[in-house]
Amino acid sequence: MSFRPLHDRILVRRVESQEKTKGGIIIPDTAKEKPQEGEVIAAGPGARDDTGQIQALDVKAGDHILFGKWSGTEIRINGEDLLIMKESDVLGVIDAQAQHKQAA
């Protein structure tokens, strides 16, 4: 099954957080908070403005984003838990250089 978001909505896969703290303490699943970082899987064409023109979205498939703690609606597609949210719920896009520094 494929899914195509409408208007200014995006489909997001959460990026899993690390299971250890910097000090080496392992965090059990029950104590973990849901990550507020994700990867855009699909994006709609954009919202219409007052004149009827489509305003393209600033995010695209493949972007890594940060979003609010309570943003989006959780859904399950093909056995995978995903989020659908409006572009306005996105706080920012993480660029590739910042991701590389986080991993190091």
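Reader: What kind of model is it?
Author: A predicted one: local features need pLDDT of at least 70, side-chain atom pairs count only at pLDDT 80 or more, and totals for chains, interfaces and linings use all residues. Residues are numbered from 1 along each chain as its sequence is written, and side-chain values use heavy atoms, with hydrogens and water left out.

Reader: OK. In what order do the strands of the open sheet come?
Author: β6-β7-β1-β2-β5-β8, so 6 strands with antiparallel pairing.

Reader: Which strands stand at the edges?
Author: β6 (73-77) and β8. Each has a single partner strand, so one side of each has no neighbour in the sheet.

Reader: How much twist is there from one strand to the next?
Author: The average is 45°. Axes are lines fitted to C-alpha atoms (for helices, over the stretch in contact), and angles run from 0 to 180 degrees between N-to-C directions.

Reader: Back to β5. Which residues are on its covered face?
Author: Ile 65 and Phe 67. His 64 and Leu 66 make up the uncovered face.

Reader: What does Ile 65 pair with in β8?
Author: Val 93 is its bridge partner there. Gly 38 also stands opposite Ile 65. Strand β2 (residues 37-43) is joined to β5 by 3 bridges, again antiparallel.

Reader: And how many bridges link β1 and β7?
Author: 4, in the antiparallel sense. Val 12 stands opposite Leu 83, and Ile 10 opposite Met 85.

Reader: What about the hairpin of β6 and β7?
Author: It has 2 residues between the strands, and Asn 78 takes a positive phi near 55°. The two strands pair over 5 bridges.

Reader: New topic. Where is Glu 87?
Author: In the loop between β7 (80-86) and β8 (90-94).

Reader: Buried or exposed?
Author: Glu 87 is buried, with no salt bridge. Buried means under 20% relative accessible area, exposed over 50%, partly exposed in between (1.4 Å probe, protein chains only). A salt bridge needs a side-chain nitrogen of Lys or Arg within 4 Å of a carboxyl oxygen of Asp or Glu.

Reader: What lies 2.5 Å from its side chain?
Author: The backbone nitrogen of Asp 58 lies 2.5 Å from a polar atom of the Glu 87 side chain.

Terms used. Lys and Arg count as positive and Asp and Glu as negative; His and the chain ends are not counted. A polar contact is a pair of N or O atoms within 3.5 Å; within protein, one must be able to donate a hydrogen and the other to accept it, and residues adjacent in sequence count only if both atoms are side-chain atoms.
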